[in-house]
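Open the structure in your viewer and keep the selection tool at hand. The tour goes from one selection to the next and says what is there.

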Amino acid sequence: MKLKGKVAIITGAGRNIGEDTARLFAKEGAKVAIVDLDKARAEAVAASIRAEKGVAEAFVANVADEPACDKLVAEVTAKLGRVDILVNNVAISDNKKIMDITLEEWNRVMQVTLTSPFIMGRAAARQMIKQGDGGVIVNLGSTSGFYGRSTALAYTTAKGGVTNLTKSMAIQLSPHNIRVVLAVPNKIGSPVGKDDFDPSRPTPNLCGNRPGLPSDMAKVICFLASDDASFINGSAVFVDGGVTALMPGDAGVKW
Ligand SMILES: NC(=O)c1ccc[n+]([C@@H]2O[C@H](COP(=O)([O-])OP(=O)(O)OC[C@H]3O[C@@H](n4cnc5c(N)ncnc54)[C@H](O)[C@@H]3O)[C@@H](O)[C@H]2O)c1
(Lines give C-alpha, C1' and ligand atoms only; values in the text may rest on other atoms or scores of the structure.)
Protein backbone atom coordinates (compact mmCIF):
# COMPACT_ATOMS: atom_id res chain seq x y z
CA MET A 1 0.00 0.00 0.00
CA LYS A 2 1.47 3.30 -1.15
CA LEU A 3 -0.06 5.57 1.53
CA LYS A 4 -0.21 3.32 4.57
CA GLY A 5 -0.44 5.27 7.83
CA LYS A 6 -0.80 8.65 6.10
CA VAL A 7 -3.58 11.14 6.78
CA ALA A 8 -4.79 12.98 3.68
CA ILE A 9 -7.09 15.97 3.26
CA ILE A 10 -8.81 16.12 -0.12
CA THR A 11 -10.79 19.27 -0.86
CA GLY A 12 -13.82 19.03 -3.13
CA ALA A 13 -13.88 15.25 -2.63
CA GLY A 14 -17.66 15.03 -3.00
CA ARG A 15 -17.53 14.13 -6.68
CA ASN A 16 -15.52 13.54 -9.87
CA ILE A 17 -11.70 13.87 -9.52
CA GLY A 18 -11.68 14.49 -5.75
CA GLU A 19 -14.02 11.58 -5.10
CA ASP A 20 -12.00 9.04 -7.08
CA THR A 21 -8.80 10.32 -5.50
CA ALA A 22 -10.27 9.84 -2.02
CA ARG A 23 -11.38 6.29 -2.88
CA LEU A 24 -7.95 5.34 -4.21
CA PHE A 25 -6.11 6.96 -1.28
CA ALA A 26 -8.24 4.93 1.14
CA LYS A 27 -7.48 1.71 -0.82
CA GLU A 28 -3.79 2.60 -0.57
CA GLY A 29 -4.03 2.76 3.23
CA ALA A 30 -4.54 6.48 3.92
CA LYS A 31 -7.04 7.86 6.41
CA VAL A 32 -8.95 10.34 4.30
CA ALA A 33 -10.65 13.63 5.17
CA ILE A 34 -13.40 14.12 2.61
CA VAL A 35 -13.94 17.87 2.43
CA ASP A 36 -16.77 19.51 0.53
CA LEU A 37 -19.21 22.40 0.79
CA ASP A 38 -21.94 19.91 -0.05
CA LYS A 39 -22.60 17.92 3.12
CA ALA A 40 -24.64 15.17 1.49
CA ARG A 41 -21.97 14.51 -1.13
CA ALA A 42 -19.14 14.46 1.40
CA GLU A 43 -21.01 12.13 3.73
CA ALA A 44 -22.00 9.75 0.91
CA VAL A 45 -18.39 9.40 -0.28
CA ALA A 46 -17.07 8.90 3.27
CA ALA A 47 -19.76 6.33 4.06
CA SER A 48 -19.08 4.32 0.91
CA ILE A 49 -15.33 4.28 1.64
CA ARG A 50 -16.05 3.04 5.15
CA ALA A 51 -18.39 0.38 3.70
CA GLU A 52 -15.34 -0.92 1.80
CA LYS A 53 -13.31 -1.05 5.06
CA GLY A 54 -11.45 2.20 4.39
CA VAL A 55 -11.00 5.00 6.90
CA ALA A 56 -12.74 8.24 5.94
CA GLU A 57 -14.43 11.16 7.68
CA ALA A 58 -16.60 13.82 6.06
CA PHE A 59 -15.89 17.49 6.78
CA VAL A 60 -18.04 20.37 5.57
CA ALA A 61 -15.98 23.50 4.99
CA ASN A 62 -15.64 26.41 2.61
CA VAL A 63 -11.96 26.13 1.70
CA ALA A 64 -12.01 29.60 0.14
CA ASP A 65 -12.34 31.11 3.64
CA GLU A 66 -9.18 31.45 5.73
CA PRO A 67 -10.63 30.85 9.23
CA ALA A 68 -12.53 27.85 7.83
CA CYS A 69 -9.26 26.37 6.48
CA ASP A 70 -7.52 26.77 9.85
CA LYS A 71 -10.52 25.24 11.64
CA LEU A 72 -10.63 22.35 9.16
CA VAL A 73 -6.97 21.45 9.67
CA ALA A 74 -7.47 21.56 13.46
CA GLU A 75 -10.57 19.32 13.20
CA VAL A 76 -8.86 16.81 10.89
CA THR A 77 -5.86 16.66 13.22
CA ALA A 78 -8.13 16.12 16.23
CA LYS A 79 -10.13 13.36 14.48
CA LEU A 80 -7.52 11.59 12.35
CA GLY A 81 -4.38 12.36 14.36
CA ARG A 82 -2.17 14.31 11.93
CA VAL A 83 -1.91 15.70 8.39
CA ASP A 84 0.59 14.24 5.88
CA ILE A 85 -0.99 15.00 2.51
CA LEU A 86 -3.19 17.79 1.16
CA VAL A 87 -4.86 17.62 -2.25
CA ASN A 88 -6.00 21.13 -3.20
CA ASN A 89 -8.68 20.03 -5.65
CA VAL A 90 -11.44 22.67 -5.33
CA ALA A 91 -11.97 25.13 -8.17
CA ILE A 92 -14.79 26.92 -9.93
CA SER A 93 -14.88 28.31 -13.46
CA ASP A 94 -16.56 31.38 -14.94
CA ASN A 95 -17.01 30.62 -18.63
CA LYS A 96 -17.14 34.39 -19.20
CA LYS A 97 -15.45 36.75 -21.63
CA ILE A 98 -13.67 39.96 -20.62
CA MET A 99 -16.57 42.18 -21.70
CA ASP A 100 -19.16 40.06 -19.86
CA ILE A 101 -17.63 39.14 -16.50
CA THR A 102 -18.40 41.31 -13.47
CA LEU A 103 -15.75 42.16 -10.90
CA GLU A 104 -17.74 40.20 -8.34
CA GLU A 105 -17.65 37.06 -10.54
CA TRP A 106 -13.92 37.55 -11.19
CA ASN A 107 -13.17 37.92 -7.47
CA ARG A 108 -15.18 34.81 -6.62
CA VAL A 109 -13.26 32.64 -9.12
CA MET A 110 -9.96 34.04 -7.81
CA GLN A 111 -10.95 33.34 -4.20
CA VAL A 112 -12.04 29.74 -4.80
CA THR A 113 -9.59 28.69 -7.53
CA LEU A 114 -6.38 30.56 -6.64
CA THR A 115 -6.62 31.81 -3.04
CA SER A 116 -7.93 28.50 -1.69
CA PRO A 117 -4.80 26.46 -2.55
CA PHE A 118 -2.71 29.20 -0.91
CA ILE A 119 -4.67 29.41 2.37
CA MET A 120 -5.37 25.66 2.60
CA GLY A 121 -1.75 24.95 1.67
CA ARG A 122 -0.48 27.29 4.37
CA ALA A 123 -2.85 25.90 7.02
CA ALA A 124 -1.83 22.30 6.23
CA ALA A 125 1.87 23.20 6.00
CA ARG A 126 1.74 24.78 9.49
CA GLN A 127 0.51 21.44 10.86
CA MET A 128 3.08 19.44 8.84
CA ILE A 129 5.89 21.70 10.12
CA LYS A 130 4.65 21.23 13.69
CA GLN A 131 4.74 17.43 13.21
CA GLY A 132 8.29 17.72 11.89
CA ASP A 133 8.38 14.94 9.30
CA GLY A 134 7.46 16.64 6.07
CA GLY A 135 4.48 16.16 3.82
CA VAL A 136 3.10 16.52 0.31
CA ILE A 137 0.73 19.06 -1.22
CA VAL A 138 -0.77 18.23 -4.62
CA ASN A 139 -2.39 21.23 -6.31
CA LEU A 140 -4.85 20.66 -9.15
CA GLY A 141 -3.96 22.86 -12.08
CA SER A 142 -5.50 22.80 -15.54
CA THR A 143 -4.34 22.96 -19.11
CA SER A 144 -6.29 26.26 -18.94
CA GLY A 145 -3.47 27.50 -16.69
CA PHE A 146 -1.00 27.23 -19.57
CA TYR A 147 -3.00 28.77 -22.44
CA GLY A 148 -5.37 31.64 -23.11
CA ARG A 149 -8.93 30.73 -24.10
CA SER A 150 -11.82 32.38 -25.89
CA THR A 151 -13.81 32.15 -22.65
CA ALA A 152 -13.18 31.48 -18.91
CA LEU A 153 -11.15 34.66 -18.42
CA ALA A 154 -10.94 34.39 -14.63
CA TYR A 155 -10.43 30.60 -14.53
CA THR A 156 -7.53 30.65 -17.01
CA THR A 157 -5.93 33.49 -15.03
CA ALA A 158 -6.45 31.79 -11.67
CA LYS A 159 -5.09 28.45 -12.93
CA GLY A 160 -2.05 30.24 -14.38
CA GLY A 161 -1.56 31.52 -10.84
CA VAL A 162 -1.86 28.02 -9.38
CA THR A 163 0.95 26.88 -11.72
CA ASN A 164 3.37 29.44 -10.28
CA LEU A 165 1.99 29.21 -6.74
CA THR A 166 3.03 25.54 -6.85
CA LYS A 167 6.61 26.41 -7.79
CA SER A 168 6.98 29.09 -5.10
CA MET A 169 5.35 26.89 -2.45
CA ALA A 170 7.71 24.05 -3.41
CA ILE A 171 10.73 26.31 -3.03
CA GLN A 172 9.60 27.93 0.22
CA LEU A 173 8.44 24.70 1.90
CA SER A 174 11.38 22.52 0.79
CA PRO A 175 13.40 23.33 3.97
CA HIS A 176 10.57 21.58 5.84
CA ASN A 177 10.69 18.51 3.60
CA ILE A 178 7.25 19.36 2.18
CA ARG A 179 6.93 18.63 -1.54
CA VAL A 180 4.43 20.65 -3.61
CA VAL A 181 3.43 19.43 -7.08
CA LEU A 182 0.90 20.27 -9.76
CA ALA A 183 -1.38 17.70 -11.43
CA VAL A 184 -2.74 19.09 -14.68
CA PRO A 185 -5.98 17.64 -16.06
CA ASN A 186 -7.79 18.28 -19.32
CA LYS A 187 -11.38 17.12 -19.88
CA ILE A 188 -11.69 14.58 -17.09
CA GLY A 189 -15.09 13.08 -16.23
CA SER A 190 -17.68 15.84 -15.95
CA PRO A 191 -16.71 19.46 -16.65
CA VAL A 192 -15.68 21.58 -13.62
CA GLY A 193 -18.80 22.62 -11.70
CA LYS A 194 -21.06 19.99 -13.31
CA ASP A 195 -22.48 16.71 -12.08
CA ASP A 196 -23.12 14.97 -15.35
CA PHE A 197 -20.60 12.89 -17.24
CA ASP A 198 -21.50 12.93 -20.93
CA PRO A 199 -19.65 10.04 -22.63
CA SER A 200 -20.52 11.51 -26.03
CA ARG A 201 -18.69 14.81 -25.28
CA PRO A 202 -16.00 15.15 -27.98
CA THR A 203 -12.60 14.55 -26.43
CA PRO A 204 -10.00 14.94 -29.16
CA ASN A 205 -6.67 13.71 -27.80
CA LEU A 206 -3.66 11.54 -28.61
CA CYS A 207 -4.93 8.61 -26.55
CA GLY A 208 -7.51 7.17 -28.91
CA ASN A 209 -9.95 10.00 -28.19
CA ARG A 210 -11.23 8.11 -25.20
CA PRO A 211 -12.64 10.36 -22.47
CA GLY A 212 -10.36 11.12 -19.54
CA LEU A 213 -11.68 9.47 -16.38
CA PRO A 214 -11.49 10.65 -12.76
CA SER A 215 -9.59 7.41 -12.07
CA ASP A 216 -6.89 8.52 -14.57
CA MET A 217 -6.32 11.57 -12.36
CA ALA A 218 -6.61 9.66 -9.09
CA LYS A 219 -3.80 7.27 -10.05
CA VAL A 220 -1.42 10.12 -10.89
CA ILE A 221 -2.34 12.16 -7.79
CA CYS A 222 -1.77 9.05 -5.65
CA PHE A 223 1.65 8.49 -7.24
CA LEU A 224 2.60 12.15 -6.70
CA ALA A 225 1.50 12.00 -3.05
CA SER A 226 3.46 8.80 -2.42
CA ASP A 227 7.14 8.22 -1.68
CA ASP A 228 7.49 6.84 -5.25
CA ALA A 229 7.51 10.52 -6.29
CA SER A 230 9.98 11.64 -3.63
CA PHE A 231 12.31 13.27 -6.21
CA ILE A 232 9.49 15.25 -7.90
CA ASN A 233 9.04 18.76 -6.50
CA GLY A 234 7.54 21.94 -7.99
CA SER A 235 6.80 20.19 -11.29
CA ALA A 236 3.66 20.01 -13.38
CA VAL A 237 2.50 16.57 -14.47
CA PHE A 238 0.06 16.65 -17.37
CA VAL A 239 -2.79 14.13 -17.43
CA ASP A 240 -4.37 15.46 -20.57
CA GLY A 241 -4.40 12.70 -23.18
CA GLY A 242 -1.48 14.48 -24.83
CA VAL A 243 -3.44 17.51 -26.03
CA THR A 244 -0.77 19.98 -24.92
CA ALA A 245 1.92 18.15 -26.90
CA LEU A 246 0.72 19.72 -30.14
CA MET A 247 2.29 22.98 -31.21
CA PRO A 248 -0.46 25.62 -31.51
CA GLY A 249 -1.21 26.20 -35.19
CA ASP A 250 -0.09 22.76 -36.37
CA ALA A 251 -3.04 21.66 -38.47
CA GLY A 252 -1.41 18.39 -39.58
CA VAL A 253 -2.85 16.19 -36.85
CA LYS A 254 -6.07 14.30 -37.40
CA TRP A 255 -7.65 14.15 -33.92
N1 LIG B 1 -13.05 18.04 -14.80
C2 LIG B 1 -12.18 18.44 -15.70
O3 LIG B 1 -12.27 18.15 -16.88
C4 LIG B 1 -11.00 19.31 -15.27
C5 LIG B 1 -10.16 19.84 -16.27
C6 LIG B 1 -9.10 20.65 -15.89
C7 LIG B 1 -8.87 20.91 -14.54
N8 LIG B 1 -9.69 20.37 -13.61
C9 LIG B 1 -9.42 20.71 -12.19
O10 LIG B 1 -9.54 19.55 -11.38
C11 LIG B 1 -10.12 19.90 -10.12
C12 LIG B 1 -11.37 19.08 -9.86
O13 LIG B 1 -12.28 19.30 -10.92
P14 LIG B 1 -13.69 18.55 -10.95
O15 LIG B 1 -14.23 18.67 -12.33
O16 LIG B 1 -13.55 17.20 -10.35
O17 LIG B 1 -14.56 19.51 -9.97
P18 LIG B 1 -16.12 19.41 -9.62
O19 LIG B 1 -16.72 20.75 -9.90
O20 LIG B 1 -16.74 18.22 -10.26
O21 LIG B 1 -16.09 19.13 -8.05
C22 LIG B 1 -15.65 20.10 -7.17
C23 LIG B 1 -16.19 19.82 -5.78
O24 LIG B 1 -15.74 20.90 -4.95
C25 LIG B 1 -16.78 21.35 -4.12
N26 LIG B 1 -16.54 22.76 -3.80
C27 LIG B 1 -16.66 23.83 -4.64
N28 LIG B 1 -16.32 24.95 -4.00
C29 LIG B 1 -15.94 24.59 -2.74
C30 LIG B 1 -15.47 25.32 -1.60
N31 LIG B 1 -15.33 26.64 -1.65
N32 LIG B 1 -15.16 24.63 -0.48
C33 LIG B 1 -15.32 23.27 -0.42
N34 LIG B 1 -15.78 22.53 -1.47
C35 LIG B 1 -16.08 23.20 -2.61
C36 LIG B 1 -18.05 21.12 -4.93
O37 LIG B 1 -19.20 21.00 -4.09
C38 LIG B 1 -17.72 19.82 -5.70
O39 LIG B 1 -18.19 18.69 -5.01
C40 LIG B 1 -10.36 21.40 -10.18
O41 LIG B 1 -9.27 22.08 -9.61
C42 LIG B 1 -10.44 21.69 -11.66
O43 LIG B 1 -10.11 23.03 -12.00
C44 LIG B 1 -10.76 19.60 -13.94
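Helices (H or I, at least four residues) and strands (E, at least two) are DSSP runs, numbered from the N terminus. Residues are numbered from 1 along each chain as its sequence is written. This is a predicted model, in which local features need pLDDT of at least 70, side-chain atom pairs count only at pLDDT 80 or more, and totals for chains, interfaces and linings use all residues.

**Stop 1**

Select R41, which lies in helix α2 (residues 39-51). A residue is buried if 20 or more other C-beta atoms lie within 10 Å of its own, exposed if 12 or fewer, and partly exposed in between, with C-beta atoms placed from the backbone. R41 has 20 other C-beta atoms within 10 Å, so R41 is buried. Two residues are in contact if their C-beta atoms, placed from the backbone, lie within 7 Å. Not counting residues up to four places away in sequence, R41 touches G14, R15 and D36.

Next select E52, in the loop between α2 and β3. Is E52 buried or exposed? E52 is exposed, because 10 other C-beta atoms lie within 10 Å.

**Stop 2**

Select E57, which is in strand β3. E57 has 18 other C-beta atoms within 10 Å and is therefore partly exposed. Leaving aside neighbours within four places in sequence, E57 is in contact with A33, I34, A46, K79 and L80. The C-alpha atoms of E57 and T157 are separated by 33 Å.

Move on to A61, in the loop between β3 (55-60) and α3 (66-80). A61 counts as buried because it has 22 C-beta neighbours inside 10 Å. Its contacts, leaving aside neighbours within four places in sequence, are V35, A68 and L72. A61 and S93 are 32 residues apart along the chain, and their C-alpha atoms are separated by 19 Å.

**Stop 3: the nonpolar core**

A nonpolar core is a set of buried Ala, Val, Leu, Ile, Met, Phe, Trp, Tyr and Cys residues joined through C-beta atoms within 7 Å. In soluble globular proteins, nonpolar side chains tend to be buried together. Here the largest nonpolar core has 74 residues, and those with the most contacts inside it are A8, I10, V32, I34 and V35. Which helix supplies the largest share of this core? Helix α5 (residues 153-173) does, with nine residues. Select I10 as well: among the residues I10 touches, not counting those up to four places away in sequence, are F25, V32, I34 and V87.

**Stop 4**

Select α5. The expected span of a helix is 1.5 Å times one less than its number of residues. The 21 residues of α5 should span 30 Å, and the end C-alpha atoms of α5 are 30 Å apart, which agrees. Buried residues of α5 include L153, Y155, V162, L165, M169 and L173. The buried residues of α5 pack against α4, β5 (135-140) and β6.

Now select helix α4 (residues 103-131), whose 29 residues should span 42 Å; its end C-alpha atoms are 40 Å apart, which agrees. The bend at a residue is the angle between axes fitted to the seven residues ending there and the seven starting there. α4 bends by about 50° at T115, and a proline, P117, follows within four residues. After α4 comes G132, with a positive phi near 85°.

**Stop 5: two asparagines**

Most residues other than glycine have a negative phi, and most peptide bonds are trans. Select N177, in the loop between α5 and β6 (178-185). N177 is not a glycine, yet its phi is positive, about 60°. N177 counts as partly exposed because it has 14 C-beta neighbours inside 10 Å.

Then select N209, in the loop between β6 and α6 (214-225). N209 also has a positive phi, near 60°. N209 has 11 other C-beta atoms within 10 Å, so N209 is exposed.
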